[in-house]
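Q: I have a structure open and would like to learn how to read it. Could you take me through it step by step?

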Amino acid sequence: MTVIGHKNMENGAMKQIIAFTPAALMDEFLNSVEIRHYKPNEFLFNQGEQAIGIYAVESGNVKVSRNTHKKTQQIVLLNGKNEMMGISAIFNNHPLLYTARAITPTQIHFLPMAKALSLSKLNPLVLVPLMNKVNETIEELDRHTALVMSNDANTVVLKTMQRLQAKFGTDVHGFINIKLPVTDLANYVCMSKTNLYRVLNNLQERMIISYETNRYKLFNFE
Amino acid sequence: MKRLPEKFLCSNCNALPKSIFYNFPPLQLGEVDKDKSCFLMKRGEVIFHEGNIPHGIYCIRKGKIKIFRIGSEGKDQIVKFAKTGDIIGYRALLSGETYTSSAGCLEDTELCFIPKDTLLSLVANHACVSMNLIRFACQELGTSSRLITYMAQKSSRERLAEMLLILKENFGLDSEGGLDVKLTRDELSSLIGAATESVIRTLGDFRDENIIALNGKKIIIKDVQKLLKIGKVFDL
């Protein structure tokens, strides 16, 4: 991880917090935010560690996972630009519930915990955008859980791809804008890799999707 | 939905220690009392529907509520429960969006409705309300992430065992050792993403293995240790 100080973040993930920062404290706030760069597979934080701040994704993708009863990792969220992590542990004062790891080169705006807490005491409204971020995450988790628990494998994969496309968009070639190894996708949709390959090949043969190394394309979003 | 002629005072509410208004100064609790309305709803009644516009939040004074959404096959899918002291409807309200799920009463329930303007004014002016609200949201986040982590990879038998333990943890047991929440087999199946027939069969298996007893809709837990083992549960 490399850390570079930076002040130009008015258009980034932190802009909603900036909007609630008193003008007199703006410089102090901007100076406290670190710009962090993570390489692929580098850990942002680990489950069980003490929370130290809020992580807002500026660019790149992050997989967020939890330890399972099988002592493996279950990916519960795939995060991209403008998404935030670490809020829950700060405000509930408990160890981090997740592990976050960069999938691609990732830039993070990091707000230290003390600053986040002092801001929220100065202006309680700053908690509203943070709460909305938490709520969006709950919504995403609930929808994903309902999907993987109640549908056949083809539907789970297809709907997951639709959601990923809606969330991350597509690149110039029409591929979903997140590079995701099959191992990670299989973990995210709670399937074995073999089963996922079977589903992907079936959907590809039916011209519904195409895929190549770590990239997926939906031919017909509907 | 029946509007109650008298308001319950927040300061006398048994649910206060569990609510977002805990530790709230008495003067400001009076503001909530002034603006809120209290309702009694019967089992089966729907409090709000997916897609409706929120006009406030509901604080559960007494009762049990299911939060559900319409699944891909048009079947209700329960996503979580709420109980005495919990609030519902705040997520849609704060994000300015419509409800993403519906809420229905699992038993006769007393609710207090706090209008949007009152809540937003409290959030803006009182750090303790905003802080309690975000903590409440964070707890919900923990529950949601736990569900996908532990439930999604399990068989329906394992999921059912774990769900019985979660229900016991959330709602407790009545005097006969039965789960203190009335759920139909359909509702139980929608909770764990299994077919109703499969849930009925597995409950029968658990009964035969002397892990539970069944008395109509009531499920009596007899052997928690075996449920923990079957459900591969290490923490609740």
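**Strands, domains and a chain contact**

A: Let's start with a strand pair: in chain B, strands β5 and β8 (residues 102-105) pair in the antiparallel sense, with four bridges between them. Two strands pair if DSSP finds at least two bridges between them. Helices (H or I, at least four residues) and strands (E, at least two) are DSSP runs, numbered from the N terminus.

Q: Before we go on, what kind of model is this, and how are things numbered?

A: This is a predicted model: local features need pLDDT of at least 70, side-chain atom pairs count only at pLDDT 80 or more, and totals for chains, interfaces and linings use all residues. Residues are numbered from 1 along each chain as its sequence is written, while chains are lettered from A and ligands numbered from 1 in the order in which they are written.

Q: Which residue is the bridge partner of I67(B) in β8(B)?

A: That's A103(B). β5(B) also runs antiparallel to β6(B), joined to β6(B) by seven bridges, and there R69(B) sits opposite Q77(B).

Q: How many residues of β5 in chain B are buried?

A: A residue is buried if 20 or more other C-beta atoms lie within 10 Å of its own, exposed if 12 or fewer, and partly exposed in between, with C-beta atoms placed from the backbone. For β5(B), residues 64-70, five of the seven residues are buried, so the strand is mostly covered.

Q: Where are the domains of chain B?

A: Domain bounds come from an automatic or database domain assignment. Here chain B splits into domain 1 (2-149) and domain 2 (154-230), and their C-alpha centres lie 27 Å apart. Ten residues from domain 1 and seven from domain 2 make up the contact; residues are in contact if their C-beta atoms, placed from the backbone, lie within 7 Å. On the domain 1 side, β6(B) gives the most, with five residues.

Q: What about the contact between the chains: how many residues does each chain give?

A: Chain B gives 35 residues and chain A gives 33. On the chain B side, α4(B) has the largest share, 19 residues. By class, that side has 17 nonpolar, 14 polar and four charged residues. Ala, Val, Leu, Ile, Met, Phe, Trp, Tyr, Cys and Pro count as nonpolar, Asp, Glu, Lys and Arg as charged, and the others, Gly among them, as polar.

Methods. Two residues are in contact if their C-beta atoms, placed from the backbone, lie within 7 Å.
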